[in-house]
Amino acid sequence: MATTLNINGKKETVEAAPGTPLLWVLRDHLKMTGTKFGCGIAQCGACTVHVDGTPTRACITPHDSLDNAKITTIEGLAGTAADAIRDTWVEIDVPQCGYCQSGQILAATALLSQNAAPTDADIDEAMSGNICRCATYMSIRRAIKQAAGKL
């Protein structure tokens, strides 16, 4: 089944079975490996992408349910909030193993895009679905607050 998706502002036509998760379309069909496989049941956030600006778990989202949606992956993430988050991630040296970081950055960017001055509670709520097995949560929170100061 051919499906055309709008990924990072570009139309991509893929041949994938109906119901194939977006994650596998990105990684296997389009060779976009920035979006990671974590748990496969939408619990860890490693596979987070934006669908129409909303953080979405690509591991459980059928690709064929995304007609007319704007999908943004870590490869295409852009804008003021994304730049502030990425710059601050590097300044603070947030990642340890780095595996979850693309999902963390997408979730953090979505937060700052909607709330330029988040409280600790706002950050905790927005980031609660993204698990980091290295436990960099305090660095992530500090990076988000510092990035907010750049907006």
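A salt bridge is a side-chain nitrogen of Lys or Arg within 4 Å of a carboxyl oxygen of Asp or Glu. The model is predicted, so local features need pLDDT of at least 70 and side-chain atom pairs count only at pLDDT 80 or more, while totals for chains, interfaces and linings use all residues. Residues are numbered from 1 along each chain as its sequence is written, and side-chain values use heavy atoms, with hydrogens and water left out.

**Exercise 1. Examine the salt bridge of Asp83 and state how exposed its two residues are.**

Step 1. The partner of Asp83 is Arg86, with the closest N and O atoms 3.4 Å apart.

Step 2. Both residues belong to helix H2 (residues 80-92), and a spacing of three residues separates them by about one helical turn. Helices (H or I, at least four residues) and strands (E, at least two) are DSSP runs, numbered from the N terminus.

Step 3. Buried means under 20% relative accessible area, exposed over 50%, and partly exposed in between (1.4 Å probe, protein chains only). Asp83, at 38%, is partly exposed, and Arg86, at 28%, is partly exposed as well.

**Exercise 2. Determine which parts of the chain are joined by the salt bridges of Lys150 and Asp120.**

Step 1. Lys150 meets Glu91 in a salt bridge of 2.7 Å, N to O. Because Lys150 lies in the segment after helix H5 (137-148) and Glu91 in helix H2, this pair ties together parts that are 59 residues apart in sequence.

Step 2. Lys150 has a relative accessibility of 36% and counts as partly exposed; Glu91, at 48%, also counts as partly exposed.

Step 3. Asp120 forms a salt bridge with Lys145, the closest N and O atoms being 2.8 Å apart. Here helix H4 (residues 120-127), which holds Asp120, is linked to helix H5, which holds Lys145, across 25 residues.

Step 4. A network of salt bridges links Asp120, Asp124, Arg141 and Lys145. In the whole structure, a search finds six salt bridges.

**Exercise 3. Describe the order of the strands in the sheet and identify the strands at its edges.**

Step 1. The open sheet has five strands in the order E2-E1-E5-E3-E4, with mixed pairing. Two strands pair if DSSP finds at least two bridges between them.

Step 2. Strand E2 (10-15) and strand E4 (54-57) stand at the edges; each has a single partner strand, so one side of each is left without a neighbour in the sheet.

Step 3. Strand E1 (residues 2-7) runs antiparallel to E2 and is joined to E2 by six bridges. Across this pairing, Asn6 stands opposite Lys11 in E2.
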